[in-house]
Amino acid sequence: MATAAAIDRVVHHSVILEFDVPSYRTDAAQQRGETAAAEEVNRQN
């Protein structure tokens, strides 16, 4: 409860910025996943 109250006080006086752009971290994770999947297929062949 104390943590929630502290966060509420900080957020109450802040400005929240929302960006509508693709995440480079998500893109990088997806590329790593595709690379790992391709490497796994190559190992199986």
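Author: The protein chain exposes about 4,700 Å². Carbon and sulfur atoms supply 56% of that area. Such areas come from the Shrake-Rupley method with a 1.4 Å probe; for residues, only the protein chains shown count as cover. The model is predicted, so local features need pLDDT of at least 70 and side-chain atom pairs 80 or more, while totals for chains, interfaces and linings use all residues. Residues are numbered from 1 along each chain as its sequence is written, and side-chain values use heavy atoms, without hydrogens or water.

Of the 45 residues, 0% count as buried (under 20% relative accessible area; exposed is over 50%, partly exposed in between). The C-alpha atoms fill a box of roughly 55 × 25 × 10 Å along the principal axes. The chain has 2 helices and 0 strands. Both are DSSP runs, numbered from the N terminus: helices (H or I) of at least four residues, strands (E) of at least two.

Now to H2. This helix covers residues 24-44, 21 residues in total. The expected span is 1.5 Å times one less than the number of residues. That gives 30 Å, and the end C-alpha atoms are 30 Å apart, which agrees. At the start of H2, a side-chain oxygen of Ser23 comes within 3.3 Å of the backbone nitrogen of Arg25.

Technical notes. A polar contact is a pair of N or O atoms within 3.5 Å; within protein, one must be able to donate a hydrogen and the other to accept it, and residues adjacent in sequence count only if both atoms are side-chain atoms. Buried means under 20% relative accessible area, exposed over 50%, partly exposed in between (1.4 Å probe, protein chains only).
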